[in-house]
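Please read the numbered points with the structure in view.

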Amino acid sequence: MTAAGTLDLDSAKKVLAAQPFATLIGTEITAFGDGAATLIIPLRRELTQQFGYVHGGVLAYAADNALTFAAGTVLGANVLTGGVTITYLRPAAGDRLRIEASVTGATRRQVVAHCAIYAESSDREPVLCAVGQGTTRLAETDLTGTNSRP
């Protein structure tokens, strides 16, 4: 933790590693701080739908987690998602997803953030496939020491 009670990149990596679902998906965090966060999700067949594109649920998860990590740069680790809206712009396919989130506005207890989700491949320019917006709030109880849930 930093002096201000917010996380640094190493702490954010530990928070992400403690999320079993993020581990299942293969999510990595590559940037974290100053109101922004970047997540990477390597793509594999298991993350696609029947037409071979990334499943919308994976994109929604990506938006949710990236928005909340961006909020964590302001509020710290004891946060929960208050709501997420995602707009799918085009089908996602490629080698990986890159999700860039940044804080739009904040109070002492709540953050509004937005994100852009890009599908990336080594043989083409990144494709903006979805955008999202959401709110993150400080939890009323301390959740940071409660990783014992199933």
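**Note on the structure**

1. Asn65 lies in helix α3; helices (H or I, at least four residues) and strands (E, at least two) are DSSP runs, numbered from the N terminus. This is a predicted model, in which local features need pLDDT of at least 70, side-chain atom pairs count only at pLDDT 80 or more, and totals for chains, interfaces and linings use all residues. Residues are numbered from 1 along each chain as its sequence is written, and side-chain values use heavy atoms, with hydrogens and water left out.

2. Is Asn65 buried or exposed? Asn65 counts as buried because its relative accessible area is 9%; buried means under 20% relative accessible area, exposed over 50%, and partly exposed in between (1.4 Å probe, protein chains only). Apart from its neighbours within four places in sequence, Asn65 is in contact (heavy atoms within 4.5 Å) with Leu16, Gln19, Ala22 and Leu39.

3. The protein chain contains 3 helices and 6 strands. Their order along the sequence is α-α-β-β-α-β-β-β-β.

4. The radius of gyration of the protein chain is 15 Å, which agrees with the value near 15 Å for a compact globule of 150 residues. This radius is taken over C-alpha atoms, and the globule rule is 2.2 Å times the number of residues to the power 0.38. Along the principal axes, the C-alpha trace spans about 45 × 35 × 25 Å. Of the 150 residues, 37% are buried.

5. The largest nonpolar core has 36 residues, and those with the most contacts inside it are Ile41, Leu97, Ile99 and Ile117. Such a core is a set of buried Ala, Val, Leu, Ile, Met, Phe, Trp, Tyr and Cys residues joined through side-chain atoms within 4.5 Å. Helix α3 gives the most to this core, with 11 residues. In soluble globular proteins, nonpolar side chains tend to be buried together.

6. Which residues does Ile99 contact, leaving aside its neighbours within four places in sequence? They are Ala37, Thr38, Leu39, Ile41, Ala62, Ala66, Cys115, Ala116 and Ile117.

7. Asp34 lies in the loop between β1 and β2, and has a positive phi of about 55° although it is not a glycine. Most residues other than glycine have a negative phi. Asp34 counts as exposed because its relative accessibility is 85%.
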